[in-house]
Every structure is written in structure tokens, then in C-alpha cells.
Amino acid sequence: TSATLIVLQKPPFTDLSRTAWYYGGVAYAYHNGLMSGISSTRFSPNSAATRAQLVTILWRIEGQPAPAGTASFQDVKDGQYYTDAVLWAAENDLVSGSNLGNFSPNGTMTREQLAVMLYRYAQYRGMDTSAAANLSTFSDAGRVSAWAQDAMAWAVGEGLITGSNQNRLNPTGSASRAQL
């Protein structure tokens, strides 16, 4: 199929291995305009992802709709690559900010923040979000923030987030660009 051909076409990044677990996802995201590299030759798959990167991906999936309003976050300035994406995400209740009227666009995306944004996006799209894994099977389940419990259980139940080989979710750890 055409989607298969896109995945097989090598992106221009020298820091990707075709045998890496994330290769197909990165190739798909690049060739479909959802993500770009940190330079013309580097993707930096193991670098920490930012909050702005995830909302930009979701916004691009939706066809880059124009937001209805203006910036409601003090730290989201006009003219940034993520400005319209953050505004759209806030208008559609995908994000609510980080603290004190800020979004923290360049803040590191944690794994539980990733789960929450994906959960809210699935709800926005009208998808079934009833799947719920039993998080108590993970040794660090007690470290999942209360505000992220339902979303993390859903993300694990859907197989979007998996634990490490040490049976840990690492909810407050950084999500990498490859994981996005």
C-alpha cells in the first residue's frame, strides 16, 4: 500500500537506524509532515520531546485548523511554529497549561503528560476511551499523578505506553521524540 511505501522510504536523517524500534514511526511522521528533524540531517530520536512538539503533531493531523482566538498563555508568543497549534489545543481542551497562566511550550514532555494529551485528543475525536489497564502491576504505579491516572490507564490499556524492562511506567520521566 502507499502507507507501506512511505514507511520504507528512508528519511534524510543520519542518526536513525532502520532496525530501531521507532524507525517506521519516525519515517511515517516525517514523510507525512507531522514531524521534522532538529536539522536537515538529524532527527535526534532520543532527545526529550517538548510540549509544543506534541500539540503541533496533533494540530497537523487535524489539517492545521486556524484557532478562533488569541494566546491565552503568557509564554506562547505570536509567530512561533507552535503558536496556532497551542491555541487550537487549548480551545479544544487538549491542554490546560502548566502553571500560572503558562503553557511551557519548550518544557520537557513527561510520559504522563503524553498520556493525558493523547487521551484528551482521543476524546476530542470521539474515540472510545474506556480501555483501562491495571496500573498496579507496575512497580512505580503510585508515582502516576492523580490528574493522569485515567489517561495513563487508558494509554497502557491501548498499548500506547508500555512499561520498561524493569516493570516501570516512569510517569514523570521524559518522553523522547521517538516515543512521540
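This is a predicted model: local features need pLDDT of at least 70, side-chain atom pairs count only at pLDDT 80 or more; totals for chains, interfaces and linings use all residues.
**Entry 1: helix α3**

I started with α3, residues 51-61, and asked how much of it is covered. Of its 11 residues, 9 are buried, so the rest of the structure largely encloses this helix. I listed the buried ones: Arg51, Ala52, Gln53, Leu54, Val55, Thr56, Ile57, Leu58 and Trp59. Then I looked for what sits over them, and the cover includes α4 (83-91) and α5 (111-124). After the helix comes Gly63, with a positive phi near 90°.

**Entry 2: helix α5**

I checked its length: at 1.5 Å a residue, 14 residues should span 20 Å, and the end C-alpha atoms are 20 Å apart, so the two agree. This helix is mostly covered too, with 10 of its 14 residues buried. Those are Arg111, Glu112, Gln113, Leu114, Ala115, Val116, Met117, Tyr119, Tyr121 and Ala122. Among what covers them I found α3, α4 and α6 (149-157). Just past α5, Gly126 has a positive phi of about 75°.

**Entry 3: Gly97**

Where does Gly97 lie? I found Gly97 in the loop between α4 and α5. Its relative accessible area is 24%; buried would need under 20% and exposed over 50%, so I logged Gly97 as partly exposed. Leaving out residues up to four places away in sequence, Gly97 touches Arg51, Phe73, Asn102 and Phe103. Arg51 is one of the buried residues of α3. I also took a C-alpha to C-alpha distance to Arg42: 29 Å in space, for 55 residues apart in sequence.

**Entry 4: the largest pocket**

The largest pocket holds about 930 Å³. I counted 35 lining residues, with Leu118, Leu160, Ala178, Gln179 and Leu180 nearest the centre. Elements giving two or more residues to this lining are α2 (23-31), α3 and α5. The largest share is from α5, with 5 residues. By class I got 23 nonpolar, 8 polar and 4 charged.

**Entry 5: the second largest pocket**

This one has about 180 Å³ of space. Which residues line it? I noted Arg51, Leu94, Val95, Ser96, Gly97, Ser98, Gln113, Val116, Met117, Arg120 and Trp147. Here α5 again gives the largest share, 4 residues. The lining splits into 5 nonpolar, 4 polar and 2 charged residues. Both Gly97 and Arg51 are in this lining, and they are also in contact with each other.

Methods. Residues are numbered from 1 along each chain as its sequence is written. Side-chain values use heavy atoms; hydrogens and water are left out. Buried means under 20% relative accessible area, exposed over 50%, partly exposed in between (1.4 Å probe, protein chains only). Contact means heavy atoms within 4.5 Å. The expected span of a helix is 1.5 Å times one less than its number of residues. On a 1 Å grid over the protein atoms alone, a cavity is a set of points where a 1.4 Å probe fits but cannot get out, and a pocket is an open set with protein on both sides within 12 Å along at least five of seven lines; lining residues have an atom within 4 Å of a point. Grid points are joined across faces, edges and corners, and a volume is the space filled by probe spheres set on the points. Ala, Val, Leu, Ile, Met, Phe, Trp, Tyr, Cys and Pro count as nonpolar, Asp, Glu, Lys and Arg as charged, and the others, Gly among them, as polar.
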